[in-house]
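This report walks through one protein model, from the whole chain down to a single residue. Look over the sequence and the structure first.

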Amino acid sequence: MMSWRRRPRPGLARLWCLCSLVLGCWRGALGCPASCNCSSWRIWCTESSPGIASFPVPQRSAEGDNVTEIYIANQENLKSINDNEVGYYVGLKNLTVVDSGLRFVSRQAFVKNVNLQYINLSRNNLSSLSKKPFHHLGLSDLILVDNPFKCSCEIMWIKKFQETKSYTETQDLYCTDDNNKRTALLDMKVPNCDLPSANLSNYNITVVEGKSITLYCDTTGGPPPNVSWVVTNLVSNHESDTNKNPASLTIKNVSSMDSGLSISCVAENIVGEYQASAELTVFFAPNITFIESPTPDHHWCIPFTVKGNPKPTLQWFYEGAVLNESEYICTKIHVINQSEYHGCLQLDNPTHLNNGAYTLLAKNDYGEDEKRVDAHFMSVPGDGSGPILDPDVYEYETTPNDLGDATNNSNQITSTDVSNKENEDSITVYVVVGIAALVCTGLVITLIILKFGRHSKFGMKVHGEVKGVGLVDQIWLSLQDCDNEVGLQDSLVDFLTPVNYSEQVMVTVNSDVHNNSTASDNHRLGFVLFHKIPLDG
């Protein structure tokens with residue numbers, strides 16, 4: 001009986017080839033050893049043959065940035081982890097090296113691996129291990145079981161680390177003393193072997209700019225710790241003495257730029273290290289480091305930067321008089337950086353009345369500083385010197401009374417009063433312009449009607465007799481082809497133009513007679529009145 005084997009589909013075969021090609025590319029890119037499997041995020045080395053003799057590193061440093069896990073096992077020839085080998089994997093979170101020949105871990109091994117959270121170095125050949133490689137890491141787990149540690153002061157930190165961490169399962173860590181006696185690490189007692197400590201003479205240092213100050217650090221520990229000062233970014237001149245206990249640090253001619261900095265004393269011995277820190281506060285007079293002419297943004301703004309500690313009070317002057325701040329003109333602080341304040345004098349829709357010199361005065365207990373800037377918001381209306389700088393539509397304006405006098409504020413007019421008055425004036429102007437436009441439109445339409453109404457398009461012929469009745473004369477007319485009353489009036493004016501030009505003729509048409517004539521009438525009769533009005537009234 002024949003058996004049938006299912007052949008792989010071409011699509012799956014291509015997919016498998018593609019995956020193999022990608023894995024092969026990653027292996028080549030990372031310089032992956034023959035005993036390891038490498039991907040974009042993981043390196044896995046478990047094959048004992050041919051094995052690896054050193055920690056795997058990528059061919060190019062950037063290629064290891066995305067690796068988060070490295071697992072190494074069964075590598076008897078791997079004896080050490082040296083400086084910067086693990087540092088190529090800056091994103092590394094989990095590191096496992098187990099069941100191997102590891103004997104030594106460099107003090108700088110993990111200096112670049114700040115993301116490390118889990119380290120497992122179990123079942124290796126570690127007889128001692130310094131705390132230095134791990135002191136800057138926030139490890140959640142450090143597993144070191146089944147290593148042949150020697151009972152010494154150098155591994156005392158492991159005991160302290162284990163006592164401060166709460167594990168779900170306690171590690172059974174042991175060490176061997178000089179008599180080859182195996183002792184639990186938690187019971188290990190080594191004479192003159194203690195963690196160091198450090199105490200500062202002052203943890204909140206305050207000093208006035210230009211003065212000098214000395215800070216002392218008293219340390220203990222066994223063996224006696226080495227002391228160092230951490231003064232990163234300190235601008236002021238300083239000198240230290242660490243050969244004595246307590247150690248000292250002297251800062252001379254303290255600069256205001258050092259206000260807010262942290263100063264640390266570090267005590268370190270073979271057991272571990274301890275760090276004590278103090279904050280430096282420098283008091284200094286205000287300094288206006290920046291002020292500029294106003295610029296339009298959402299509002300007009302005169303920008304400035306002021307430094308000072310304690311925080312300085314700010315006062316503005318306009319043309320030498322105190323500027324009374326209000327809803328429409330006020331000081332705004334946008335950013336505070338230590339003892340530096342960034343802000344602006346904000347003005348809502350200022351006019352030419354607000355042009356002039358503005359002075360900023362900053363003051364605190366240690367001194368004061370002032371700076372002046374000239375401001376030009378818009379030209380005086382009608383002088384032809386230039387357009388308004390701010391193109392926005394003004395809803396209200398900052399009046400000169402907002403830039404008040406320090407001695408007399410009794411007659412102050414608010415910006416709201418001026419705004420209401422100008423709104424009323426604007427409405428009046430709009431109404432007058434609208435009426436004028438309507439009148440002009442009516443005149444144009446009337447002229448057009450009068451112009452075309454005199455032409456013969458109305459096709460009217462007029463015959464009749466005039467009877468004098470004083471100032472009002474009557475006329476009976478035979479009207480032919482009269483289409484409308486307007487045409488009738490215009491034609492009659494031409495027909496009845498008086499010989500005596502000292503009189504004006506006003507014609508009135510009896511519209512009822514005209515409208516009641518039928519369409520079949522060949523001669524429509526109309527009753528017309530015209531009035532002779534003397535020109536002299």
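## Overall picture

Contacts here mean heavy atoms within 4.5 Å. Of the protein's contacts with a separation of 6 or more, 59% join residues 24 or more positions apart. The model is predicted: local features need pLDDT of at least 70, side-chain atom pairs count only at pLDDT 80 or more, and totals for chains, interfaces and linings use all residues. Numbering starts from 1 along each chain as its sequence is written, and side-chain values use heavy atoms, with hydrogens and water left out.

The protein has 5 helices and 31 strands. Of the 537 residues, 36% are buried, that is, under 20% relative accessible area with a 1.4 Å probe, counting protein chains only.

## Two nonpolar cores

A nonpolar core is a set of buried Ala, Val, Leu, Ile, Met, Phe, Trp, Tyr and Cys residues joined through side-chain atoms within 4.5 Å. The largest one has 46 residues. Ile70, Phe110 and Phe134 are among those with the most contacts inside it. Strands E1, E2, E3 and E5 and helix H2 each supply at least two residues of this core. H2 gives the most, with 4 residues. A second, separate core has 23 residues, including Leu215, Trp229, Ala247 and Leu280.

Helix H2 spans residues 156-164. Its buried residues include Met156, Trp157 and Phe161. The buried residues of H2 pack against strands E8 (141-143) and E9 (149-150). Trp157 is also one of the residues that Phe134 touches, along with Phe110 and Leu142.

## An open sheet

Four strands form an open, antiparallel sheet in the order E12-E14-E17-E16. Strands count as paired if DSSP finds at least two bridges between them. E12 (194-200) and E16 (237-241) each have a single partner strand, so one side of each is left without a neighbour in the sheet. Strand E14 (residues 213-222) is joined to E17 by 5 bridges. Ile213 stands opposite Ile251 in E17.

## Ser259

Ser259 sits in the loop between strand E17 (247-252) and strand E18 (262-268). It counts as buried because its relative accessibility is 10%. Beyond its neighbours within four places in sequence, Ser259 is in contact with residues including Leu280, Val282 and Asn309. A polar atom of the Ser259 side chain lies 3.3 Å from the backbone nitrogen of Val282.

Terms used. Buried < 20%, exposed > 50% of the residue type's maximum accessible area, 1.4 Å probe, protein only. Polar contact = N/O pair within 3.5 Å; in protein donor to acceptor, adjacent residues only side chain to side chain.
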